[in-house]
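I opened my notebook to look up a few local features, one entry at a time. Here is what I wrote down.

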Amino acid sequence: FTAPALELGCGGGIVSLACSRLGLDILATDNACDALSLTKLNGYANSQNIRTQHLDWRAVPSKLTQFGLILGADVVYDRGVFKLMQ
C-alpha cells in the first residue's frame, strides 16, 4: 500500500502505531492536543515516527483525496459527536 493513510480520532495512537509498524505512511489526527502528544510519545517509545496533526471534524478539509486509506477506531463514543450527524 503506497498511498498515505489517515487516522481520525487517534487517541493514544494505537491504530497509527500498528499501521506505522506495517510500513504505512500514516497521519494521526485528533481534536485533543493531549491525544496528539500521547500518540507522539507512544511512537517514540516504540521506535516509530508518527506524524500528527490537529483536526476538528466540524471543519474537515473537503479535499482528502491524498489519502488512500482513512481509519477510525472508537470514534463515536462521545455524545456530542451524534449532534453532528443529525
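This is a predicted model: local features need pLDDT of at least 70, side-chain atom pairs count only at pLDDT 80 or more; totals for chains, interfaces and linings use all residues.

**Entry 1: Lys40**

Residues are numbered from 1 along each chain as its sequence is written, and side-chain values use heavy atoms, with hydrogens and water left out.

Lys40 is partly exposed, at a relative accessible area of 24% (buried is under 20%, exposed over 50%, partly exposed in between, with a 1.4 Å probe and protein chains only). Not counting residues up to four places away in sequence, I found Lys40 touching Asn49, Ile50, Arg51 and Thr52 (contact is heavy atoms within 4.5 Å).

**Entry 2: the salt bridge**

Next I checked Arg51 for a charged partner. Its side chain meets that of Asp25 in a salt bridge, 3.0 Å from N to O (the rule is a side-chain nitrogen of Lys or Arg within 4 Å of a carboxyl oxygen of Asp or Glu). Asp25 sits in the loop between H1 and S2 and Arg51 in strand S3 (residues 51–54), so the pair ties together parts 26 residues apart in sequence. Asp25 is partly exposed at 38%, and Arg51 is partly exposed at 36%. The count by this rule comes to 1 salt bridge.

**Entry 3: helix H1**

Which residues of H1 (residues 14–21) are buried? I noted Ser16, Leu17, Cys19 and Ser20. They cover an arc of only 165° around the axis, which puts them on the same side of H1 (the arc is taken over directions from the helix axis to the C-beta atoms). On the other side, Ile14 and Arg21 are exposed. The buried residues of H1 pack against strands S1 (5–8), S2 (26–30) and S4 (69–72), and against helix H2 (33–45). Just after H1, Gly23 takes a positive phi of about 95°.

**Entry 4: the core**

The largest nonpolar core has 9 residues, including Cys10, Leu17, Cys19 and Ile50 (buried Ala, Val, Leu, Ile, Met, Phe, Trp, Tyr and Cys, joined through side-chain atoms within 4.5 Å). H1 and S2 each supply at least two residues of this core.

Definitions and conventions: Helices (H or I, at least four residues) and strands (E, at least two) are DSSP runs, numbered from the N terminus.
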